[in-house]
Amino acid sequence: MTPEKTKVTARRSVCTVLLNYDASIEMMTKCLDSLGRQTYDNHKVLLVDNASSKGILPDIARSHPLVEILRLDRNYGFSGGINRGVAATDADYVCVLNFDTVVEPDFITEMVEVIESDAEIVGVAPKMLLADTPYIFDSIGTGMAKNAGAFNQAIGQPDIGQYDFSERVFGSCFGATLLRREAFDLGQVGLLDETYFMYFEDVDWCFRANLLGKKFYSAPRAVVYHEHSSSVKDKG
């Protein structure tokens, strides 16, 4: 991680919607601490709890008093949890983020710079690297093959600068992305399809956005480290 940087005075508001389901206190703390170091000053964090069985919320409330917590009555899955988080904020932009991540201080700032470069950009894909091998890509946007098979662009590739420029991509992985909140409104892209309980809900949303002529761009200077599938790797 880089040293703390000067705050960037910002006009448009950003809310990071951080979905929790049975995160460990250690992992959640690392993620929240990195969000607390953001250089973008018009930024808040909404932790959406999908009726977790682990009782970390009181500890989080004490250690991170600026983090808003939305407690749901049951597990609505990824799509349902994010939809409810988006509905609870009036921010201009929503940063959807997994709890098994750590972000660099300029993470939000760099993505906002990209999304504000073109009014038709609806989503931004950061440079997502694997936490245990931070020179290997997890994703820098998503793609779709001719047979409709979706994939994380660059997954498994070493980072040697080949994606160090912002470019148009099919979509973004919702493990870490910046989106226009208004795009979730009725008559626009709309909410995530909750029939996708977990996985492929982002592919579906990005596909619908593309059909409307919306754009997604990468933001390679917005860096996030991801512990890939950490929340489900112990499950069948």
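Visitor: How far is the sulfur of Cys-173 from the closest cysteine sulfur?
Guide: This is a predicted model. A disulfide needs two cysteine sulfur atoms within 2.5 Å. The closest cysteine sulfur to that of Cys-173 is in Cys-206, too far for a bond, because the distance is 9.1 Å.

Visitor: Which cysteine has the sulfur nearest to that of Cys-31?
Guide: The structure holds zero disulfides. Cys-31 is in none, and its nearest cysteine sulfur lies 9.0 Å away. That sulfur belongs to Cys-95.

Visitor: Is Cys-31 buried or exposed?
Guide: Buried means under 20% relative accessible area. Cys-31 has 0% relative accessibility, so Cys-31 counts as buried.

Visitor: And Cys-173, is that residue buried or exposed?
Guide: The cut-off for buried is under 20%. Cys-173 has 15% relative accessibility, so Cys-173 counts as buried.

Visitor: Which residues does Asp-202 touch, leaving out those up to four places away in sequence?
Guide: Asp-202 sits in helix H5, residues 201-211. Asp-202 has a relative accessible area of 10%, so this residue is buried. Its contacts are Ser-172, Cys-173 and Phe-174.

Visitor: What covers the buried residues of H5?
Guide: The buried residues of H5 are Glu-201, Asp-202, Val-203, Asp-204, Trp-205, Cys-206 and Ala-209. Their cover includes helix H3 (77-87) and strands E6 (121-130), E8 (142-144), E9 (150-152), E11 (176-180) and E12 (215-226).

Visitor: Which residue just after H5 takes a positive phi?
Guide: H5 spans residues 201-211. The phi in question is about 85°. The residue is Gly-213.

Visitor: How many residues of H3 are buried?
Guide: The buried residues include Gly-77, Phe-78, Ser-79, Gly-80 and Gly-81. Ile-82, Asn-83, Gly-85 and Val-86 are also among them. H3 is mostly covered, and of its 11 residues the buried ones number nine.

Visitor: What covers the buried residues of H3?
Guide: Helix H5 takes part in the cover. Strands take part too. Among them are E1, E2, E3 (68-71) and E4 (93-98).

Visitor: How far apart are the C-alpha atoms of Ile-82 and Leu-192?
Guide: Ile-82 is in helix H3. Its relative accessible area is 0%, so Ile-82 is buried. Ile-82 touches Val-17, Leu-19, Val-96 and Leu-192, not counting residues up to four places away in sequence. Ile-82 and Leu-192 are 110 residues apart along the chain, and their C-alpha atoms are separated by 7.8 Å.

Visitor: Which residue's side chain makes a polar contact with the side chain of His-43?
Guide: His-43 is in strand E2, residues 43-49. With a relative accessible area of 18%, His-43 is buried. Beyond four places in sequence, His-43 touches Val-14, Thr-16, Leu-35, Gln-38 and Ile-108. The polar contact is 2.7 Å, and the partner is Thr-16.

Visitor: Which elements give two or more residues to the lining of the second largest pocket?
Guide: This pocket has a volume of about 290 Å³. It is lined by 16 residues, and the closest to its centre are Leu-35, Gly-36, Val-45, Leu-66 and Val-67. The elements are helix H1 (25-36) and E2.

Visitor: How many charged residues are in that pocket's lining?
Guide: By class, the lining of the second largest pocket has seven nonpolar residues and five polar ones. The charged residues number four.

Visitor: What is the phi of Asp-22?
Guide: Most residues other than glycine have a negative phi. Asp-22 lies in the loop between strand E1 (14-20) and H1. Asp-22 is not a glycine, yet its phi is positive, at about 60°.

Visitor: Where is Ala-154?
Guide: Ala-154 also has a positive phi, near 80°, in a residue other than glycine. Its relative accessible area is 7%, so Ala-154 is buried. Its place is the loop between E9 and strand E10 (168-169).

How values were computed
Residues are numbered from 1 along each chain as its sequence is written. This is a predicted model: local features need pLDDT of at least 70, side-chain atom pairs count only at pLDDT 80 or more; totals for chains, interfaces and linings use all residues. Side-chain values use heavy atoms; hydrogens and water are left out. Buried means under 20% relative accessible area, exposed over 50%, partly exposed in between (1.4 Å probe, protein chains only). Helices (H or I, at least four residues) and strands (E, at least two) are DSSP runs, numbered from the N terminus. Contact means heavy atoms within 4.5 Å. A polar contact is a pair of N or O atoms within 3.5 Å; within protein, one must be able to donate a hydrogen and the other to accept it, and residues adjacent in sequence count only if both atoms are side-chain atoms. On a 1 Å grid over the protein atoms alone, a cavity is a set of points where a 1.4 Å probe fits but cannot get out, and a pocket is an open set with protein on both sides within 12 Å along at least five of seven lines; lining residues have an atom within 4 Å of a point. Grid points are joined across faces, edges and corners, and a volume is the space filled by probe spheres set on the points. Ala, Val, Leu, Ile, Met, Phe, Trp, Tyr, Cys and Pro count as nonpolar, Asp, Glu, Lys and Arg as charged, and the others, Gly among them, as polar.
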